[in-house]
Amino acid sequence: MSTNKNNLFSNLKFDFPAGLVVYLVALPLCLGVALASTGRPDLLFSGIISGVVGGIVVGFLSGSALGVSGPAAGLVVIVLTAIETLGSFEAFLLAVVIAGAIQLLAGFMNAGIIGYYFPSSVIKGMLAAIGITLILKEIPHAFGYDADFMGDEAFSQKDGQNTLTEVYNSIRYSSAGAIIISIVSLGLLLLFDKPFMKRIELFKFLPGALFVVLTGILLNTLFSNFYPEIAMGGEHLVQLPVASSASEFFSFFKTPDFSAFNRVEIYTVAVTLAIVASLESLLSVEATDKLDPYKRNTPANRELKAQGIGNMISGLIGGLPITQVIVRSSANIESGGRTKMGTVIHGSILLLSAIFIPKYLNYIPLASLAAILLLVGYKLSKFSLYKGMYKLGKEQFFPFIVTVIAILSTDLLKGIAIGMVVAIYFILRKNYKHSYHYKKEEYKDGDVITIVLSEEVTFLNKGSIGLTLDHLPENSKVIIDGTKSLNIDYDVLEIIQEFKEHSAPMKNISVETIGIDSVAAVGGH
């Protein structure tokens, strides 16, 4: 292993196979998100455009070593609603460009610091939930029942179904051909994961996922020739637009409708996109950094700038909004990627294959690709993760498990919000309980109570300290010691001052304060 992890080209033997795996994962996801976002088969290429820009442009500009950007399932509803509201895809593209400019500005304003405030328990819950979601969402594709687009993450679907009913339906209406391809694909992936396979030189450079896809094409071709009744076709295969000429290919690219610049709705959509895309990217950055075997930290503000430039370019040439995406990022990590060259390579292959071999890509069965994603999902949500979080205690486990359940039953951002509420509750609860040390000594002429304030005493501790002071026994002596405190909020100083000057004399309590000389100044306000 190269010790110089920052040298992009010294790690090509790791980054090329990882980029190839990410490409195989990203291809159907880009197409699926595009179809779901626009509702128009003629705009499928918009997903490829954003995948290419996310890989090449954002890949180069980002400070994330392993993060992969592209069109995100979390934006599907927003995009679809926005296109309907604005009346045209071209007007929507203008909103994407403006959203990118807002993200770029936010990066310069250091707004990326928000990313550092997501608790670890919530981020790990997000990873586990995405793993389970991948497994549940890919089962229908593995069984040959593709009623929903590949890459969907939400529990409830537009057709009235949900994740669980889709799994049930896929078992009822399964296809023998798809099941055979899925089982063989999973078997090959598990074989390629064995240490002895990784020692073979050919398989160090060509990943198992490539052989899985080639095997899937071969099996489906054999089915078509000898057992046509179980052969995969139509929506069970990759469906990349194929241009018959150069002019038709360039017609896939769209430009924004700049005449819509004076419409208020454009800016409403742009701000919404900028906020949601930025949050998703920052969440993915945090999650990717946790998965990074080298534990590198991504500069959050630089990430916002990279995402902003990426969205501006994507919008200018007809692409969907871009975010960093945890599924593709985790595929990059699981495939042994070392540097950002993995994401750049995936974007480059995506571009070249869309130009030169789109016809052949449409032979790839979704069942083979589903097998790859099933394994990624399993690795994101291993039992050891749940066991480890449980051992950390309820303050870590409850926010973790609530995040998992909330994401599975709603969607990514709603689930994260619910998980954050639970995490904040435990933070406040801990803060409430550990804001000071209380010591009581009993003497004949009255009790002596010492309250030693903690290092950081904020307004969050106001309630617990106030209640303690209110319940102090009459005729006692109280020493409030702030010598260990680096900071005591005005709110806390105020209640100490009020207690000392008003409440304590009424209960014949003698109060001595140490290390909080500013109390006197507070009383003068």
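**A mixed sheet and its helices**

Biologist: Which residue in β6 is the bridge partner of Val448?
Modeller: In β6, that partner is Lys477. This is a predicted model, where local features need pLDDT of at least 70 and side-chain atom pairs count only at pLDDT 80 or more, while totals for chains, interfaces and linings use all residues. Residues are numbered from 1 along each chain as its sequence is written, and side-chain values use heavy atoms, leaving out hydrogens and water.

Biologist: In what sense do β4 and β6 pair, and over how many bridges?
Modeller: Strand β4 (residues 448-453) and strand β6 (residues 477-481) pair in the parallel sense over five bridges. Pairing requires at least two DSSP bridges between two strands, and helices (H or I, at least four residues) and strands (E, at least two) are DSSP runs numbered from the N terminus.

Biologist: What's the strand order in the sheet?
Modeller: The open sheet has four strands in the order β3-β4-β6-β8, with mixed pairing. At its edges are β3 (436-441) and β8 (510-514), each pairing on one side only.

Biologist: And which strands does α21 lie across?
Modeller: Helix α21 (residues 462-470) lies across β3, β4 and β6, and runs at about 10 degrees to β3. Helix α22 (residues 490-506) also packs on the sheet, touching β4, β6 and β8, and its direction makes about 160 degrees with that of β8. Contact means heavy atoms within 4.5 Å, and angles run from 0 to 180 degrees between N-to-C directions of axes fitted to C-alpha atoms, for helices over the stretch in contact.

Biologist: Switching topic, how many helices and strands are in the chain?
Modeller: The protein chain has 23 helices and eight strands.
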